[in-house]
Amino acid sequence: MAALNSNSFYHRPESKFPPSLWGDQFVNHVSDSKIAASMSEYNRSREVEAFDATKSGVKGLVDAGIAKIPRIFIHQDYIQEDKTVCDLSVPVIDLGSLSNNRGEIIDQVRAAFEEWGVFKIVNHGIPTSSLSKAMKAVKEFHEQDTEVKKQYYSRDYLKKVVYNSNFDLYTNAAANWRDSLYLIMAPDPPTPQELPQVFRDPMMEFSEQAKNVGISVFELLSEGLGLKKSHMLDMGCAMGEFLACNYYPACPEPNMTLGFGSHTDSGFLTFLLQDEIGGLQVLHKDSWVDVPPSPGSLLVISGDMMELITNARFKSAYHRVVAKNLGPRISVAFVFRMHLAGSGSSQLYGPIKELLSENNPPIYREAKGEEIVACRYAKGIEKTPLLWYFKLNNIQQP
Ligand code: OGA
Ligand code: NI
């Protein structure tokens, strides 16, 4: 694997093209893919650039009244897929009785992460009013005057506030029907002035509360693995905070694209809040399972960093969002994740020693939080699992 050369990437503000952290290997990989095949039919990169240059995202297309989705959004694999979903439900864990039922809740949390990599939490203590204020702020941001919103449009991922459509627009084989606003909240938060006006109070409030719930979940997971309650927190798992504020406009051809293609999240844990439109699915034993909206609940998702530190005892969960002709759909993902360069981001994380043995040798090497995130930005969402690049013995490409 090519060595990480962070400098070549961090200092390219506004660069249209994703960082080539991984050298030519990556470029070849992409040109071998479906993109190359479709290039003969039309000039994909020109269309991608033209779409990006509008700085108005998918919402801009819908506002312009398009009846067919542009080709860059067509997910060929999804069109061909059998879209039957599995009739199961993700585990639901009631955190309301934590003080007198801790042992049982620890068992539920461990079982849910071992079997699913996700669980819904109810009675988590975040007031419904904070959740709805956060969702309302996201809607208002995306629906404000386009010219004002454009000021935040960027692909410079060193900024703490970035709005764009498809963070991986230039690497993905097919674009997703979604616009997003990304905020880096910790360890080095934006000043209130850096945050868009509609965001200041609601997002500060929501992230504070999500962090508190997150701390409880890290404690439950640590105990579930037989470790000290503070083990994951002491490792620095809750140091980085990242918010993805997603806006999925109604789609005129929902069977031809996806709101968010199948992926794992790169951090330790994600706390996901979705509105009443639905469309979220989780992969369970090779089948997609719907995660219907349930007001007031949050979905906890195990990410790649969690898989790395637990040596794959808690695997990261694949999830996606199908497109709908209903909308807009709003979601907020609060992710415990390091960012690129910045305070604390060079901390190393590796498989927890207490979990390793002769029969359970380390699968992954130690990695900086920023390396994993940089890899995600460089590669976008592709078929090769992100953690494959951090395996100790990754001789064979999966
Ligand atoms: C994400 C994500 C799902 C959703 O932001 O990583 O998976 O429901 N979002 O928007
Ligand atoms: Ni996700």
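User: Where does Lys-55 lie in this model?

Analyst: Lys-55 lies in the loop between helix 4 (44-54) and helix 5 (57-63). Do keep in mind that this is a predicted model.

User: Why is Lys-55 called partly exposed?

Analyst: Happy to walk through it. The relative accessibility of Lys-55 is 35%. Buried means under 20% and exposed means over 50%, with partly exposed in between. The 35% of Lys-55 falls between those cut-offs, so Lys-55 counts as partly exposed.

User: What about the backbone of Lys-55, what is its phi?

Analyst: The phi of Lys-55 is positive, about 50 degrees, although Lys-55 is not a glycine.

User: What makes Asp-286 count as exposed?

Analyst: Asp-286 has 74% relative accessibility, and exposed means over 50%, so Asp-286 counts as exposed. Asp-286 sits in the loop between strand 8 (280-284) and strand 9 (287-290). Asp-286 also has a positive phi of about 65 degrees, and it is not a glycine.

User: Which residues does the cis peptide bond with omega of about 10 degrees join?

Analyst: That bond joins Ala-186 and Pro-187. Pro-187 belongs to the loop between strand 4 (179-186) and helix 10 (200-224).

User: And what is omega for the cis peptide bond between Gly-327 and Pro-328?

Analyst: Omega is about 5 degrees for the cis bond that joins Gly-327 and Pro-328. To find Pro-328 in your viewer, look in the loop between strand 11 (319-322) and strand 12 (329-336).

Terms used: Residues are numbered from 1 along each chain as its sequence is written. Chains are lettered from A and ligands numbered from 1 in the order in which they are written. This is a predicted model: local features need pLDDT of at least 70, side-chain atom pairs count only at pLDDT 80 or more; totals for chains, interfaces and linings use all residues. Side-chain values use heavy atoms; hydrogens and water are left out. Helices (H or I, at least four residues) and strands (E, at least two) are DSSP runs, numbered from the N terminus. Buried means under 20% relative accessible area, exposed over 50%, partly exposed in between (1.4 Å probe, protein chains only).
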